[in-house]
Amino acid sequence: MASVKDKNPAAASQPKNGKAPAPAKTQHPKERYLYWYESMQLQRKFEEKAGQLYGQQKIRGFCHLYIGQEAGSSGSYTALTKDDKWITAYRDHGIPLALGSDPKAVMAELFAKQTGSSKGKGGSMHIFDKSVNFMGGHGIVGAQVPMGAGIAFAEKYNKTSNLCICFMGDGAVRQGALHEAFNMAMLWKLPVIFVVENNGYAMGTSVARTSNVTELYTLGESYDMPAEPVDAMDVEAVHDAVSRAADRARSGEGPTFLEFRTYRYRGHSMSDPQKYRSKEEVEQYKQRDPIEMVKSRILEQKLATEDDLAAIDQKIKGIVDESVKFAEESPYPPAEEAYKDVYVQKDYPFIME
């Protein structure tokens, strides 16, 4: 029997047989492929710029980049409706960009400016955008899991056909709140899709070193919850898996637990030296880059030309540059802003100034 030290540090991203899940076979329309390419490129270029600005100390505090994981957000978006709700942990820049949040507002939030999506009060880990039904990034590990179940409960209570998709990192599956939420969600058949974005490492510690169960999707079996692994380096596979889960949720069958097997190219945060994994391992995953995969399929199927995709790239460069300019020119929030948005009741009588 292999010891923890003998296990592959990236085992969390691979099934026990060492093979990735089979690629999706569904044929998707041209518009969807082009959305995937543009959406993932926007996230990638936005995050690369954020990392550069962090190095220049224009962005401070915590900063967790989504580079490498873009297929999870973009593939899920095309499988759901605009009325569905989204919630995630603190690696939260990519999802609102996929949903259509204004990149200027997201970048301004990273700069802690008043024009940011959370008025400069949340920073990198607490992006919110009600206009696209993004219920925020949350800094307490696993705290968003019962909140996601609660949002789904509200949708069921109000008899809508909407659902909530709740993202978490692989470290969150060892939080007690997850298991309480799973039990309740199955008991009440809540319309929620639980997604663990398993990038192989909880901060700097591999799943194999912290969990006896490395096939994380099998945790759903304890609650009779439908669950499956998903090759989340493949945006098509993500779309198809989320579509199946959404159909179950909307038909009253309750939650699904999806294990998105993905990989982040950068460290856990900008302060992570990444000494716990090899350069060879990172390069191995880059060979299956989700953006390059969808680009290849677009070109193979003649859905667009190299020039068409280059024009999209140029468009995205302009959007990112504009977001930086907007953030740099925006004001910081005044001191009195700290007293606002604390309570729903604006004249709450117990605020001391």
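In what order do the six strands of the open sheet lie?

**View 1. The open sheet of the predicted model.** The order is β2-β1-β3-β4-β8-β7. These six strands pair in the parallel sense. At the edges are β2 (134-137) and β7 (227-231), each with pairing on one side only. From one strand to the next, the twist averages 15°. In general, strands of a sheet pair through backbone hydrogen bonds, either parallel or antiparallel.

**View 2. Helix α5 on the sheet.** Helix α5 covers residues 144-157 and packs on the sheet. The helix touches β1 (85-88), β2, β3 (164-169) and β4 (192-198). The direction of α5 makes about 175° with that of β3.

**View 3. Strand β8 and its two partners.** Strand β8 spans residues 256-261. β7 pairs with β8 in the parallel sense over five bridges. β4 also pairs with β8 in the parallel sense, over six bridges. Look for F257 in β8: A227 stands opposite F257, and F257 is the bridge partner of F194.

**View 4. The two faces of β8.** Both faces of this strand are covered. On one side, T256, L258 and F260 are buried. On the other, F257, E259 and R261 are buried.

Methods: Residues numbered from 1 in each chain as written. Predicted model: local features only at pLDDT ≥ 70, side-chain atom pairs only at ≥ 80, totals over all residues. Heavy atoms only, no water. Pairing = 2+ DSSP bridges. Helix = DSSP H or I, 4+ residues; strand = E, 2+ residues; numbered from the N terminus. Axes fitted to C-alpha atoms, helices over the stretch in contact; angles between N-to-C directions. Contact = heavy atoms within 4.5 Å. Buried < 20%, exposed > 50% of the residue type's maximum accessible area, 1.4 Å probe, protein only.
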